[in-house]
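Q: Please take a close look at one part of this model, its aromatic side chains. A connected account that then passes to the surrounding context would be appreciated.

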Amino acid sequence: MIQSQSEVKRVEELRQLLQEASYAYYVLDAPMMADAVYDQLYRELQELEIEYPELVTPDSPTQRVGEKPATHFTSVRHNIPLYSLENAFNVQELQTWDQRWRRQVPKIDGVEYVSELKIDGSALALTYENGVLVRGVTRGDGVVGEDITQNVRTIRSIPLRLNFAGAKSLEKIEVRGEAFLPLDVFKEINSERQKAGENLFANPRNAAAGTLRQLDPRIVAARRLDFFAYTLHISGMDDASIANTQWEALELLAKMGFPVNPNHRLCASVAEIAEYYEYWDTKRLNLPYMTDGVVVKLNPFKLQEQLGFTQKFPRWAIALKYAAEEAPTRVENISVNVGRTGALTPLAEMRPVQLAGTTVSRATLHNSDRIQQLDIRIGDTVIVRKAGEIIPEVVRVLTELRPDDTQPFIMPTHCPVCDQPVVRESGEAVTRCVNASCPAILKGEIEHWVSRDALDIKGMGEKLVHQLVDRHLVHSVADLYELTKERLCVLERMGEKSAQKLIDAIAQSKNQPWSRVLYGLGIRHVGSVNAQLLTQKYPTVEQLATAKQSDIAGIYGIGAEIAQSVFQWFRILANQLLIERLQTAGLQLATTPESTTNPSSSKLAGKTFVITGTLPSLSRDEAKALIQKAGGKVTGSVSKKTDYLLLGEDAGSKLEKAEALGITQLTESLLLEMLED
């Protein structure tokens with residue numbers, strides 16, 4: 001049915017009015033109309049959209065809850081890695097962080113910090129195009145998350161359309177923040193689950209994470225998640241033209257319609273941060289949500305950009321955590337573990353104790369300095385906590401309960417695995433075995449190589465790796481590619497079928513990309529994210545091996561420490577021989593640069609594409625790369641010059657304009673068919 005202009009206008013008025021009412025109710029906590037009035041307006045909009053379905057848009061208040069459950073979540077690569085934060089557990093560690101970043105930027109004074117409460121929830125990355133929400137993605141592993149847009153739409157404090165005058169001019173922005181469960185809602189959910197005989201959620205954070213991964217968005221809507229925004233990224237224009245600092249970004253997020261935690265503070269010194277931290281240590285217990293610390297960020301964006309990132313964390317931010325749950329237990333033994341880098345790590349083996357919802361029986365003692373500081377001994381009663389609520393660690397020893405016959409623990413002078421002398425280099429706290437043939441180091445290297453984020457060789461677990469090394473069947477990761485079914489069959493619990501399956505898995509790993517191979521090599525400080533950054537800059541192993549250390553350090557997110565480690569690794573003869581063997585075995589040690597393609601020979605040469613909506617399997621950047629590689633051009637807005645509109649779910653206003661101009665629409669499958677042709 002064709003609608004009149006008055007009906008179109010009324011639909012727009014209702015959407016605007018309902019959006020303003022939702023913002024006032026869920027974000028400002030200042031209702032602007034009675035619930036009955038809101039319900040009446042909502043029903044009117046709903047009836048108009050039922051009568052005129054062509055008027056339904058993704059940002060309509062009626063579209064917050066999807067009708068059909070999802071069958072699965074699609075993996076999405078973050079355009080900018082969603083890094084976690086380095087942790088500090090007291091003001092002294094905060095001061096150490098402050099001194100560290102200042103050494104990288106000498107002669108700088110008057111820097112301000114923004115202190116924000118660290119909300120205990122689940123991180124989200126929200127993408128808006130021309131002011132409309134098009135995608136919501138979980139943190140995942142920081143590089144790849146899951147597309148949970150349907151579920152994000154159910155969170156009423158997240159705007160479907162930005163409440164900002166210049167929103168439409170912002171072609172693409174990404175807002176990051178924390179989804180969480182308010183404490184009263186958490187208690188209600190657990191009460192309902194208890195009545196239904198279901199398992200209770202351990203804490204609000206787990207409940208929020210589990211809720212976001214529900215396949216049915218109606219369940220998510222019923223659990224009433226909330227959200228605080230804390231980061232803003234703007235594409236297509238200079239961020240500085242809108243916000244120069246984190247403080248200005250928070251103000252802008254609030255203007256756009258996002259809930260921003262009101263308890264942030266601008267601090268002029270570490271002392272002021274300490275005051276803020278101490279103030280909230282007890283006050284946070286009265287908040288209606290969980291918070292486990294304070295996030296501290298350097299305020300100027302230019303300084304943030306100058307400092308960059310390590311392989312895991314931004315250098316310009318840190319999480320100052322509050323004391324974790326603690327429990328007493330008894331040390332029954334102290335053992336020493338040897339890792340793949342040769343580092344000797346002492347471990348306290350303890351009487352099992354419940355801590356933060358899990359059973360803890362082992363805790364790291366880090367190094368010999370830490371053992372001396374604690375004066376820890378076998379038989380001691382100790383206080384254990386979870387550092388960052390993840391890694392168990394010994395906090396202190398209750399010496400008043402110490403038995404009379406205990407002896408101080410002394411770190412071994414020889415490797416407990418290969419019996420070769422260990423060394424501790426000047427300036428380092430770690431004691432290392434430097435025997436390259438040490439079975440423990442080799443086992444660690446192979447376990448890292450076959451791990452999921454590296455070569456992902458399924459079926460090769462820890463026990464099998466230990467057998468291969470102990471029986472002298474492998475002496476490096478390259479030896480894996482020379483294993484035969486006959487040699488594998490001599491191992492315990494390894495029949496012909498299992499052996500063949502493992503051989504096939506090893507062969508399949510040769511197809512893993514160059515970035516995974518680089519990560520699998522186990523170069524110090526090179527994590528999976530940095531491996532991807534390095535291989536993007538250096539598409540072949542030869543280019544990386546011959547690169548200057550200063551050029552490597554110049555890559556955004558790499559820095560001097562990682563560059564030095566990579567540069568030195570490729571100077572070692574044994575590593576050069578390893579690369580040669582891996583090349584001979586057929587592993588992928590190169591990617592094809594886009595510059596080697598010949599756009600003029602492609603059917604897409606000269607064609608202009610616009611992408612809208614959420615694609616089934618490709619991210620926006622992946623689709624854009626495929627089109628550009630085939631000679632096409634991707635722009636952000638529809639015009640008469642546009643040849644194709646690549647159409648995904650929840651398409652926005654670009655679809656309407658393309659239809660008006662008669663532009664050809666493509667699905668992802670049709671695009672892939674064109675590329676195959």
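A: **Aromatic rings and their surroundings**

Phe228 is buried, with a relative accessible area of 13%; buried here means under 20%, exposed over 50% and partly exposed in between, for a 1.4 Å probe and protein chains only. Phe180 is likewise buried, at 3% relative accessible area. The model is predicted, so local features need pLDDT of at least 70 and side-chain atom pairs count only at pLDDT 80 or more, whereas totals for chains, interfaces and linings use all residues. Residues are numbered from 1 along each chain as its sequence is written, and side-chain values use heavy atoms, with hydrogens and water left out.

Rings of Phe, Tyr and Trp (its six-membered ring) pair if their centres lie within 6.5 Å; planes under 30 degrees apart count as stacked, over 60 as edge-to-face and the rest as tilted. This rule gives 11 aromatic pairs. One of them joins Phe180 and Phe228 as a stacked pair, 5.1 Å centre to centre with 20 degrees between the planes. Because Phe180 lies in strand β7 (residues 172-180) and Phe228 in strand β8 (residues 226-235), the pair ties together parts that are 48 residues apart in sequence. Strands (E, at least two residues) and helices (H or I, at least four) are DSSP runs, numbered from the N terminus.

Trp569 and Phe570 form an edge-to-face pair, because their ring centres are 5.0 Å apart and their planes stand at 80 degrees. Trp569 counts as buried at 12% relative accessibility, and Phe570 is buried at 6%. Elsewhere, Tyr83, Phe309 and Trp316 make up one aromatic cluster.

Rings also meet charged groups. The charged end of Arg571 sits over the ring of Phe567, 4.3 Å from its centre; the criterion is NZ of Lys or CZ of Arg within 6 Å of the ring centre and within 35 degrees of the ring normal. Arg385 lies over the face of Phe89, 5.4 Å from the ring centre.

Leaving aside residues up to four places away in sequence, Ile457 touches Trp449, Val450, Tyr481, Leu502, Ala505, Ile506 and Ser509, contact meaning heavy atoms within 4.5 Å. With the same exclusion, Leu587 touches Trp449, Leu455, Tyr481, Lys510, Val517 and Leu582. Leu587 is placed in the loop between α21 (573-585) and β19 (608-612) and is buried, at 7% relative accessible area.

For the protein overall, 48% of the 677 residues count as buried.
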